[in-house]
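Below are a few points for a colleague who is opening this structure without having seen it before. Please read them with the sequence and the coordinates at hand.

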Amino acid sequence: ARWIASEKNPLFARVAVNRHWQRFFGTGLVETENDFGTQGAAPSHPELLDWLATEFIRLGWSQKQLHRLIVTSATYRQSSKHRADVEQRDPGNRLLARQSRLRLDAEITRDTAL
């Protein structure tokens, strides 16, 4: 357990950050959430993933601080309004040119209402 969450093992931080990113944007920086190996997809933004992972470690593994970092970013604060020019260049929004149009899970909506 110590090795898995060690600063010398960046994989744990990268996977954790990718899963948090996926909750906010609908798709992770690595599309294959459960496969970071050689058979999984490459990250769309490897430098961003590495930076977020190192920040996550530097912040003492604080999920609250990681969430704050993500939601205060310019990427998160973008409009989700459909733009034809962006749709033609990047139909899957892998370049993060717009915010995704997320739908919350029923359980999250229920918990928020309670």
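1. Please keep in mind here and below that the model is a predicted one.

2. As to where Tyr76 sits, it belongs to the loop that joins α3, residues 63-71, to α4, residues 84-89. Once neighbours within four places in sequence are set aside, the residues in contact with Tyr76 are Phe24, Phe25, Ile70, Val71 and Gln99. Pro46 is 30 residues from Tyr76 along the chain, and the C-alpha atoms of the two are separated by 18 Å.

3. Trp61 is found in the loop between α2, which covers 46-58, and α3. With a relative accessible area of 27%, Trp61 is partly exposed.

4. Which residues make the nonpolar surface patch of about 340 Å²? The patch is made by Trp3, Ile4 and Phe12. Of these, Ile4 has its place in the segment before α1, the helix of residues 10-25, and its relative accessibility of 43% counts as partly exposed.

Note on methods. Residues are numbered from 1 along each chain as its sequence is written. This is a predicted model: local features need pLDDT of at least 70, side-chain atom pairs count only at pLDDT 80 or more; totals for chains, interfaces and linings use all residues. Side-chain values use heavy atoms; hydrogens and water are left out. Helices (H or I, at least four residues) and strands (E, at least two) are DSSP runs, numbered from the N terminus. Contact means heavy atoms within 4.5 Å. Buried means under 20% relative accessible area, exposed over 50%, partly exposed in between (1.4 Å probe, protein chains only). Patches are made of residues with over 30% relative accessible area and no salt bridge: like charges are joined within 9 Å, nonpolar side chains (Val, Leu, Ile, Met, Phe, Trp, Tyr) within 5 Å. Accessible areas come from the Shrake-Rupley method with a 1.4 Å probe; for residues, only the protein chains shown count as cover. A salt bridge is a side-chain nitrogen of Lys or Arg within 4 Å of a carboxyl oxygen of Asp or Glu.
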